[in-house]
Amino acid sequence: MVEDVVRDRKPETVAPDEGRGQALLQRLLAGTPGDPVAPRGESPLRHVTTIPGRAATTVGWPSWVPDRLREPLAAAGVTAPWAHQVAVADLAWAGCHVVVATGTASGKSLAYQLPVLSHLLADQQATALYLAPTKALAADQIRAVRALGLAGVRPASYDGDTPRAERDWVRSHARWVFTNPDMLHHGLLAWHDRWARLLRRLHFVVIDECHAYRGVFGSHVALLLRRLRRLAAHYGAAPVFVLASATVADPGASASRLTGLDTVVVTEDASPCGERTVALWEPPLLAELIGENGASVRRSAGAEAARLLAELVIESARTVVFVRSRRGAELTALGAQRALSAVGAGELASRIAAYRAGYLPEERRALETALDSGELLGVASTNALELGVDIAGLDAVVLAGYPGTRASFWQQAGRAGRAGSGALVVFIARDDPLDTYLVHHSAALLGTAVEATVLDPMNPYVLRPQLACAAAELPLTEACLEELGGQPARSVVADLVAEGILRRRPSGWFWAAARQRPHPAVDIRGGGGDQVAVVEADTGRLLGTVEAGSACTAVHPGAVYLHRGESFVVDELDLDCGLALVHPEEPPWHTTARTTTDIRVVSVRHQQRCGGVSVALGEVEVTSQVVSYLRQLASGQVLDAVPVQLPPSTLRTRAVWYTLSEEALRAAGLPPAAWPGALHAAEHAAIGLLPLVATCDRWDIGGVSTARHPDTGEPTVFVHDGHPGGAGFADRAHAALAPWLSATRDAIAACECPTGCPSCVQSPKCGNGNDPLDKAGAIIVLGAVLAAVLDALPAAAPPQAR
């Protein structure tokens, strides 16, 4: 039953097909013969609300926009700009650094195109730079600029797909260069003397989708932008920065942390928006299946999403399904195609495809063209499309699992109804503590402000390689060290000098190895190094790549690897050569790597004792090793666990942890035999719920629990960042400990399973096979910690997240 529908919009804002979202939802709830929505009869719908549409507020063109620009924009359908577009454009034209933070499809592109293109038309020597987190987004934006047909602007793409022969032309002639942070680092800053023409006349720098720059990646990009400003100043330029962001908390502060500049903020959205029906959907428990250790099994979010995608395509609804992984995108597209064939609609199967990172350039470009033309009706995508092609006119968006932040949720949901028509958004909960919590506590998702971005440019593990690169570009001085990090930067430079990497001279610090640049060794995305090539052993065909840091979990021996609908099984992983060899095979299962972890406390930055409970934040050393993988059917049924032998890895990072004295556990009514399972279950659930308070993914973090840790001497639960030096997630967890653990306890208590399942306390990456786990004991442990923390912490004023 559809309930809690809000209808307070003025009649004049209603488009003729505003009921489209409601109609599609009712069709999904009806199911198909032989494939009911819920096998046991209960509705999967946990909450539904209708978000009213909004009328546009248009204004006149700024007087400084030339007719040469207005006329092609009008021909493209832009007869009058929206108010926020002009507000941003006026500020940028006046020389103010500005960030616009409005919803998806709110026309942020025009807001920066107006000042950039107007200036390029007025000054034939001026140049501009555009940065996007993905190749697809940059490619889409350059297509839009080229379509205007403006003579002399000479926009050009400079990314990993740009042929070598074209790169010289871009350096010599392009006036608006569209690139990404990786190429900025490796291709432009590292060889800045070759880009002197661009840097000398650089007037604007556009940073699109700037909310994507968070964690370690965001910290690297923040220092990249400081290096860019430093080199521009060296060549005599002081560019204006224009940033475009999804709706985030405190966008001005986030933009300033990213660029190091004071920015003006524009957040009032004047674009039109169609009515959106938002449904929270929980797949049913499958009585006929039993999961690991006898746990209940739900229909997987991917399988449910494939079924809904097939239904929506039958209804001729243009649909994108966002899934969490590359493999998930492939499986969802395949599942929808098979579902269509099973109901006699096989002719529609060719109009569904997967879109993800890791495809070869020519494959990716072909898919983007098919999306843009409407040839594809349904797409299963990773967030490569969330931050990618500027698609319009979608009838539905399906999210197969929480994307990690409320900002990303609304960014993905905003793809629906982009043309001002009614649309449907369905959030399908994965068998995961956070997803389960959100569909049962809708206000935590739909009624809570979006998060602020978390990044820490002062992380020494980020500062060290960035300062080395900066010194190789131009000698460091006291003035630029202040700009690049202040005292933390000076400490890192002192270490680099002591190690002989930099040399101190009266005029500054110089890179010691003049014939060798440090840039190639720096992984700005925090993925752990170079790419591992996935190659078909019999033919030598390159299928794709995976990051070296995730190779042990993604392409370990025995792993199932999917590419463009083809299934392969990994035969061999050679980490030294960066090569994974595979053979074609279509087993009925998929694989999930399991990891064991040990942790050692290196230093304690903050600690507070609250009776029998202590809470701490500090630096730790984490040793992890993939020891096995699960073979699991699409239904969720676990077949077995297969051991593997792979080398361990060590990580120095930050963690938050709490301890309970043995007396506190006994006083709470928990016998010693239950301590390992209770702590283990509390750890798993806390990892799953941390993205609720920090802008992270559960795969960005890890944890360890033990009934007695040698460094604390007590029963302890650790949750640590998954990146060297930390990405700010543990700090945020420490600052928001009470709401984080309260939500964790509530999620466990609300789960309907009897003894623990993936929706509450089981973890998909647990190297101990989710054993032991004590669901009831975890509630007791968390209750004891919260009772002590809530009583003692308000007066303590713990440090804020970095």
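Predicted model: local features only at pLDDT ≥ 70, side-chain atom pairs only at ≥ 80, totals over all residues.
Side chains of opposite charge can pair when their charged atoms come close. If you now show the surface, are the two partners buried or exposed? Glu-752 counts as exposed, because its relative accessibility of 51% is over 50%, whereas Arg-298, with a relative accessible area of 7%, is buried.

**Second stop: Glu-304 and Arg-299**

Next, select Glu-304 together with Arg-299, whose side chains meet in a salt bridge with an N to O distance of 2.8 Å. Here Glu-304 has a relative accessibility of 0% and counts as buried, and Arg-299 is buried as well, with a relative accessible area of 14%.

Move on to Glu-499 and Arg-464, which form a salt bridge in which the closest N and O atoms are 2.4 Å apart. This pair, too, links distant parts of the chain: Glu-499 sits in the loop between α20 (487–498) and β17 (502–505), and Arg-464 sits in helix α18 (residues 460–473), 35 residues apart. Glu-499 counts as partly exposed at 45% relative accessibility, and Arg-464 is also partly exposed, at 31%.

**Last stop: helices α2 and α4**

Finally, select helix α2 (residues 67–75) and helix α4 (residues 108–122), which pack with their axes 10 Å apart and at an angle of about 140°. The two helices are therefore oblique to each other. Which residues meet where α2 and α4 are in contact? From α2, show Arg-68, Leu-69 and Leu-73, and from α4, show Leu-110, Leu-114, Leu-117, Ser-118 and Leu-121, and you will have the residues of the two helices that meet. Colouring these residues by type shows how the contact of α2 with α4 is made up, with 6 nonpolar residues, 1 polar and 1 charged.

Definitions and conventions:
Residues numbered from 1 in each chain as written. Heavy atoms only, no water. Buried < 20%, exposed > 50% of the residue type's maximum accessible area, 1.4 Å probe, protein only. Salt bridge = Lys/Arg side-chain N within 4 Å of Asp/Glu carboxyl O. Helix = DSSP H or I, 4+ residues; strand = E, 2+ residues; numbered from the N terminus. Axes fitted to C-alpha atoms, helices over the stretch in contact; angles between N-to-C directions. Parallel < 35°, antiparallel > 145°, perpendicular 65-115°, else oblique. Contact = heavy atoms within 4.5 Å. Nonpolar A, V, L, I, M, F, W, Y, C, P; charged D, E, K, R; others polar.
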